[in-house]
Amino acid sequence: TSPKEVEINGKKYATDPWFNVSSTVLSLTSRKLHLQKDHPVAITRKIIESVFPPPTYKYYNEFDPVVSTYENFDSLCFPPDHPGRARSDTYYINKDTLLRTHTSAHEAELFRAGASGGYLISADVYRRDEVDRSHYPVFHQMEGARVWDRNKVPNGDLAAAIFQDLDRLPKHNMTVEDPNPPFHPDRNPLQVEHHTPEEAAAVAAHLKRSLELMVNEIFSRAKAAAAFATAANNGTSPVEPTEPLRVRWVEAYFPFTSPSWELEVFYQGDWLEVLGCGVSKQELHIIAGVPSQIGWAFGIGLERIAMLLFQIPDIRLFWSRDERFLSQFRGVEDNLARMRPFVPFSKHPACYKDVSFWLKGTSAAGGGGSGKGAVDWHGNDLMEVVRDAAGDCVEDVRLVDEFVHPKTGRRSMCYRINYRSLERTLTNAETNEMHDRVVRGLVERLGVEIR
Ligand code: PHE
């Protein structure tokens, strides 16, 4: 019962059997929280933009979320069997068209434009995932990149040109740990056919300083906002944090960068992973028709950062149209000194309900293994059914029990759903109705048998 075609931001797309986008998710494609004045996601974008100023960096904030499978995966050297391509993880309109899973989907087209310099993209991205306080099927990312062109620097000396740009960047007094060698022979080799060690080192150094400056800006603002709130509570005046920020570079893997890193920040007693980045694979520049370019790229999730900046406890709040949420950020985008932590409105009661069922077919590993076909079960499909039936009234969904019947080989699961609205107390009747819809959805869409 999927629609033959869907309309997204005014354009129509034909669906096929790959189609798996719920109506809830479709309805969110027009929200564009990163462009909504004074929304915490938009404020976070502005803070990041302030570290990458024009004219060196150009901003692209209006790319459409519908992209081709080629743009999202192939153009970025994702292998054909990469798990990110699975229908259980990605929202497909049809076999060749999907809702972008990351802002990197636009790297190739921007490289093709060929300009030296840099860019920032901010956009909504889509991933099928769990239901809990830090996951939502739509979130926002920012992508940044910087490129230099061998043919446009004095004497073709790329490394020297990049180090010169690096020298113009501000210094900082953060504590930076960078314990691992930059290259790893299998995961993160030097791109020997394309880069000299000096060139790769120059790009990496420019990347690292730029991103250190970015997280320093973000976390100084988070600390200042927190200090202000503490002071207001104690009736004292805010004390500016004096301790330098601690960060560390950790080796990472992405199909489209080598070498690659994640940047972690020590904040309130924990190491937090805040972004992924690396030296762009030369294939991207070659496919884009600009083989003389070299550069770096990073990607950062905006909700996670906004949750830290404003102490926002639940990711669902970003989608709220409740004035008690929105009014707290008014006027901040144009005056970041007004940033304050979010003050949660009263917490409403939770209501837990369990649903237990048998999966259709038998487990291949189980005893039976009759001709019914093995179980093809993805937890994310259940998460979608729950989101469709109960929307933002579900705080989280957990698998609490699972077993295979020793004789029949059938698999049983029990999930616990926590119904709790951020905005009001749910009535029993309402919760029961939502839970009935969940149960019906599981039977009708996933073919399970309720126990
Ligand atoms: N697109 C990657 C992600 O979503 C992040 C990334 C961007 C990594 C650019 C390297 C370079 O996880």
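Which way does H5 pass H6 in their crossing, left-handed or right-handed? Hold that thought, everyone, and I'll come back to it.

First, some housekeeping. What you see is a predicted model, in which local features need pLDDT of at least 70, side-chain atom pairs count only at pLDDT 80 or more, and totals for chains, interfaces and linings use all residues. Residues are numbered from 1 along each chain as its sequence is written.

Now the overall layout. The chain is divided into domain 1 (5-338) and domain 2 (351-450), with bounds that come from an automatic or database domain assignment. Their C-alpha centres lie 34 Å apart. Domain 1 gives 18 residues to the contact and domain 2 gives 16; two residues are in contact if their C-beta atoms, placed from the backbone, lie within 7 Å. On the side of domain 1 that touches domain 2 there are four nonpolar, five polar and nine charged residues. For those classes, Ala, Val, Leu, Ile, Met, Phe, Trp, Tyr, Cys and Pro count as nonpolar, Asp, Glu, Lys and Arg as charged, and the others, Gly among them, as polar.

Back to the helices. Helices (H or I, at least four residues) and strands (E, at least two) are DSSP runs, numbered from the N terminus. Helix H5 (residues 158-168) and helix H6 (residues 197-234) have axes that come within 8 Å and cross at roughly 15°. Axes here are lines fitted to C-alpha atoms, for helices over the stretch in contact, and angles run from 0 to 180 degrees between N-to-C directions. That makes H5 roughly parallel to H6. On our scale, angles under 35 degrees count as roughly parallel, over 145 as roughly antiparallel, 65 to 115 as roughly perpendicular and the rest as oblique. And the opening question? H5 passes H6 in a left-handed crossing. A crossing is left-handed if the near helix is turned anticlockwise from the far one by less than a right angle, and right-handed if clockwise.

Next pair: helix H2 (residues 40-49) packs with helix H8 (residues 302-310) at about 95°, their axes 9 Å apart. H2 and H8 are therefore roughly perpendicular to each other. Pro40, Val41, Thr44 and Arg45 in H2 meet residues of H8 including Leu302, Ile305 and Phe310.

Over in helix H10 (residues 379-390) and helix H11 (residues 428-446), the packing angle is about 140°, with axes 9 Å apart. H10 and H11 are therefore oblique to each other, and their crossing is right-handed.

Now, what surrounds the ligand? The shell is His102, Ser104, Glu143, Phe254, Thr257, Gly276, Cys277, Gly278, Ala297, Phe298 and Gly299, where near means that the C-beta atom, placed from the backbone, lies within 6 Å. Strand S12 (270-280) and strand S13 (293-301) are the elements that give two or more residues to this shell. By class, the shell has four nonpolar, six polar and one charged residues.

Most residues other than glycine have a negative phi, and most peptide bonds are trans. Yet the bond from Pro54 to Pro55 is cis, with omega near 5°, and Pro55 sits in the loop between H2 and strand S3 (57-60). Ser258 to Pro259 is cis as well, with omega near -5°, and Pro259 lies in strand S11 (residues 257-267). Finally, Cys77 has a positive phi of about 65° although it is not a glycine.
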